[in-house]
Amino acid sequence: MNEESTNHPLKPERRDAAENRQRILNAALQLFEQHGVEQVSMNQIAAEAQIGPGTLYRRYRNKSELCLDLMKDNLVILFEDIYAYLEDHHSDSPSSRLKGILGLFIKFREKKSQLLRGVEDSSQANRPSTRQKGPLYHELHEILVQLFDEMLAAAGKPEPNSVFRADMLLNGVSSESYLFQREVRGYTPEEILAHLSATFIADK
C-alpha cells in the first residue's frame with residue numbers, strides 16, 4: 001500500500017448515526033427546557049428520542065457530554081456575536097465595549113441557563129481540580145483581559161490587575177454566582193449588569 005492509502009482522512013459520520021445524534025439532541029433540549037437538566041435522566045432522553053439506552057450511551061457517556069454537544073453551536077454563535085460587536089464598536093471606549101460584551105453574555109446566560117448549568121455543574125464534578133477552567137472561560141477571559149489592559153492604558157495607569165479583575169468578573173457571571181443574584185437576591189439581568197459594571201468596569 002502507498003502512503004496515501006494508509007492515511008485515510010476522517011470518515012464523515014454515517015447517515016444513521018447523524019440522524020440518531022440529531023434525535024438525541026432534539027429530545028434532550030426539549031426535556032431540559034421543560035424540566036431542567038438535573039431532573040432529566042439519560043433513560044428519559046433515550047425514550048424521548050425513540051432509541052435504545054445503549055445507543056445513547058455509546059455516543060454520550062453522561063449528561064455533561066450531551067450538554068456540551070448541545071452548547072457547541074450556541075457557543076460558536078455567541079463568540080461570533082461578541083467579535084462582531086467588537087468590530088462594529090471598535091471606536092468606542094474599552095469600558096463601553098466591555099460592558100457591551102458583558103451584556104451579550106448575560107443575555108446568552110438567560111437564554112441558555114439550563115444548558116450552561118448542566119455543563120458547569122457536571123464538569124465541576126468530573127474534573128480533578130475545580131481550579132481548572134473550560135474553553136468558554138478561557139476565551140472570554142482573554143477578551144476581558146485585553147479590554148481591561150486597554151482601560152488601564154487609556155487612563156495612564158500601570159498594568160496591575162487585569163487578569164485578576166477578569167477572573168473576578170467571570171466568577172460573578174458563573175452559574176452559581178449569577179443564579180444566586182437572580183433567585184436569592186432578586187436582581188433582574190439588567191440590574192446585575194449595572195452592578196457588575198459599577199464594580200468592575202465603570203470609567204474612573
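Mentor: A cavity is a set of points, on a 1 Å grid over the protein atoms alone, where a 1.4 Å probe fits but cannot get out, and its lining residues have an atom within 4 Å of a point. Grid points are joined across faces, edges and corners, and a volume is the space filled by probe spheres set on the points. The model is predicted, with local features needing pLDDT of at least 70 and side-chain atom pairs counting only at pLDDT 80 or more, while totals for chains, interfaces and linings use all residues. Residues are numbered from 1 along each chain as its sequence is written, and side-chain values use heavy atoms, without hydrogens and water.

The structure holds 1 cavity of 30 Å³ or more. The largest cavity has a volume of about 50 Å³, and its lining consists of Ile101, Leu102, Phe105, Leu140, Leu144 and Leu170. By class, the lining has 6 nonpolar residues (Ala, Val, Leu, Ile, Met, Phe, Trp, Tyr, Cys and Pro), with no polar and no charged ones. Helices are DSSP runs (H or I, at least four residues), numbered from the N terminus. Two of them, α6 (94–111) and α8 (135–154), each supply at least two lining residues; α6 gives the most, with 3.

Phe105 of the lining also forms an aromatic pair with Phe108 (ring centres within 6.5 Å). This pair is tilted, neither under 30 degrees (stacked) nor over 60 (edge-to-face), at 6.3 Å centre to centre and 35° between the planes. Because they are 3 residues apart in helix α6, Phe105 and Phe108 are separated by about one helical turn.

Key. 1 Å grid on protein atoms, 1.4 Å probe; cavity = no way out; pocket = protein on both sides within 12 Å on 5 of 7 lines; lining within 4 Å. Phe/Tyr/Trp six-rings, centres within 6.5 Å; stacked < 30°, edge-to-face > 60°.
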